[in-house]
Amino acid sequence: AKPMSDCWRHIHVYVASGYYDMEGERQHIDEVVLPQLTYQCISYRTQVHFVDLRIGLNEHDFDELIELKGCLAFLEEIDQCRPFFVGFYGHKYGKPITDYKLPHEPQWSKLTGSFPKGRSILDIETFWAALHDPSSCQGLFYFRDPSFMKSPKFQTDLPMFCAAEVTPPLTSRFPERKTDLSIGSTFVSTNPSERALMEALKASVSGVYGSSSCLTYTCEYLGPVEQRPVVGGLEAMGR
């Protein structure tokens, strides 16, 4: 008889999200959704693994990973997880990458050729996993409803966490955070061109996958955790 471990099916799902604005979503997936899904899949002798390269990395480590390896590490993991992909999209586009650091090999030609430079890692991940060849992707795409930013608690805390974001040493590593803080730069790109790129990305995904795979979810603002504002109330999204 085969060992018990050989009888199980293993599914790897790549998870992509904005680094700065999606801490609450990543925590909910890791601490709530994954344990529930693990339990539900036992009877099917299936184990699901969420692959999220942002989990466990602080801001410096995440920035350093991109600086050293560009987007190659992310794209290789996407290929290992195909066809499964889950993406989370808010209103923060993310830091543009000037050097993708991809080898000039045929497998990367769609990114080393005509794909624009200066896109965020989330944009690149989504293109590679879901847009350049939709037939190779079974994806779910979650769009965050921005109404949580209208809550009284969010408006009350806004000056506090904005002030925290521009104090050293963060400003030395993330100079792009020196922006108009009145609209909540943690959750919204303050650069108009980046806001346009984020909306274009979501429109591209919606145009390809439609309402059956593109879901809008609500959340609530919880407040700052370790000097970073986070959201919660994600139970409906998790289900």
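Glu-199 and Lys-202 both belong to helix α8, three residues apart, which is about one turn of the helix. The structure is a predicted model, in which local features need pLDDT of at least 70 and side-chain atom pairs count only at pLDDT 80 or more, while totals for chains, interfaces and linings use all residues. Residues are numbered from 1 along each chain as its sequence is written, and side-chain values use heavy atoms, with hydrogens and water left out.

Helix α8 covers residues 192-209; helices (H or I, at least four residues) and strands (E, at least two) are DSSP runs numbered from the N terminus. At 9% relative accessibility Lys-202 is buried, whereas Glu-199, at 41%, is partly exposed. Buried means under 20% relative accessible area, exposed over 50%, and partly exposed in between (1.4 Å probe, protein chains only). Leaving aside residues up to four places away in sequence, Lys-202 touches Tyr-89, Gly-90, His-91 and Phe-143, a contact being heavy atoms within 4.5 Å.

**Salt bridges**

The whole structure contains nine salt bridges, each defined as a side-chain nitrogen of Lys or Arg within 4 Å of a carboxyl oxygen of Asp or Glu. The table lists some of them.

| Pair | N to O distance |
|---|---|
| Glu-199 and Lys-202 | 3.2 Å |
| Lys-101 and Asp-99 | 3.6 Å |
| Arg-144 and Asp-21 | 3.9 Å |

Arg-144 in strand β4 and Asp-21 in the loop between β1 and α1 (23-40) are 123 residues apart, and the pair links distant parts of the chain. Both Arg-144 and Asp-21 are buried. By contrast, Lys-101 is partly exposed, with a relative accessible area of 32%, and Asp-99 is partly exposed at 41%.

**The sheet and its helices**

Five strands form an open sheet with parallel pairing, in the order β2-β1-β3-β4-β5. Its edge strands, β2 (46-51) and β5 (214-217), each pair on one side only; two strands pair if DSSP finds at least two bridges between them. Within the sheet, strand β3 (residues 84-89) is joined to strand β4 (residues 138-144) by six bridges, and Gly-87 stands opposite Phe-141 in β4. Helix α3 (residues 72-81) packs on the sheet, touching β1 (9-16), β2 and β3, and its direction makes about 145° with that of β1. Helix α5 (residues 121-131) also packs there, touching β1, β3 and β4, at about 150° to the direction of β3. Axes are lines fitted to C-alpha atoms, for helices over the stretch in contact, and angles run from 0 to 180 degrees between N-to-C directions.

**The chain overall**

The protein chain has nine helices and seven strands, and 45% of its 239 residues are buried.
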